[in-house]
Amino acid sequence: MDVRYINPFLVSVRKVFDMMLNMPFTLGKPHLKAEALPHYDISGIIGLTGSVTGSVVISLSKSLALQLAGALSGEEFTEVNEDCTDAIGEIANMIAGGAKKNFPGDGSASISTPSVVVGKHHVAYPSNMPIISIPCDTSAGRLAIDVALKETAVHAAAKA
């Protein structure tokens, strides 16, 4: 997996957390994920198609999701409800938009509108693709950024 496809998401997450949520974080050491399950119960899923296919999953604990939704909306959340998942979806959308601005290539990669899933067993990672997981720490808890992307064969052949 090419780091040029991972870095735009890491940069975008940092910007969203620092500037929009006022919640700095630190990146942990990336590792190859052994199991195709998110680390936590709430996930923002960003899909990619075109020259690069796959997904980026931002996985959050319930307590961190409640804090982030509150930081974005100015409200206090005590449960993961529709308003909370909408806020998490908006955060994932800001991350996707920021990543798209810095994504390498000829612009033929499309980044989907993110979706939010509650429950570890409801996230479908791309099959036959390695998943790189980057743990992150914030003052409000941990999250993980899971990246499963690959260049499409057509795009790779065109570059050769």
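Guide: Asn128 is placed in the loop between strands β6 (115-118) and β7 (132-138); helices (H or I, at least four residues) and strands (E, at least two) are DSSP runs, numbered from the N terminus. The model is a predicted one, in which local features need pLDDT of at least 70, side-chain atom pairs count only at pLDDT 80 or more, and totals for chains, interfaces and linings use all residues. Residues are numbered from 1 along each chain as its sequence is written, and side-chain values use heavy atoms, with hydrogens and water left out.

Visitor: Why is Asn128 called exposed?

Guide: Its relative accessible area is 77%, and a residue is exposed over 50%, buried under 20% and partly exposed in between (1.4 Å probe, protein chains only). Asn128 therefore counts as exposed.

Visitor: What is the phi of Asn128?

Guide: The phi of Asn128 is near 55 degrees, a positive value in a residue other than glycine. Most residues other than glycine have a negative phi. Asn22, which is not a glycine either, has a positive phi of about 50 degrees.

Visitor: Why does Met23 count as buried?

Guide: Met23 is also found in the loop between α1 and β1 (25-27), but its relative accessibility is 6%, so Met23 counts as buried. The C-alpha atoms of Met23 and Leu143 are separated by 12 Å, although the two residues are 120 apart along the chain.

Visitor: What makes the pair of Lys33 and Asp146 a salt bridge?

Guide: A salt bridge is a side-chain nitrogen of Lys or Arg within 4 Å of a carboxyl oxygen of Asp or Glu. The N to O distance between Lys33 and Asp146 is 2.7 Å, and their side chains meet in a salt bridge. This pair links distant parts of the chain, 113 residues apart: Lys33 is in the loop between β2 (31-32) and β3 (42-50), and Asp146 is in strand β8 (residues 141-151). Both Lys33 and Asp146 are buried.

Visitor: How many salt bridges does the rule give?

Guide: The count is two. Arg142 and Asp137 also meet in a salt bridge, at 2.7 Å from N to O. Arg142 is partly exposed because its relative accessibility is 41%, and Asp137, at 34%, counts as partly exposed.
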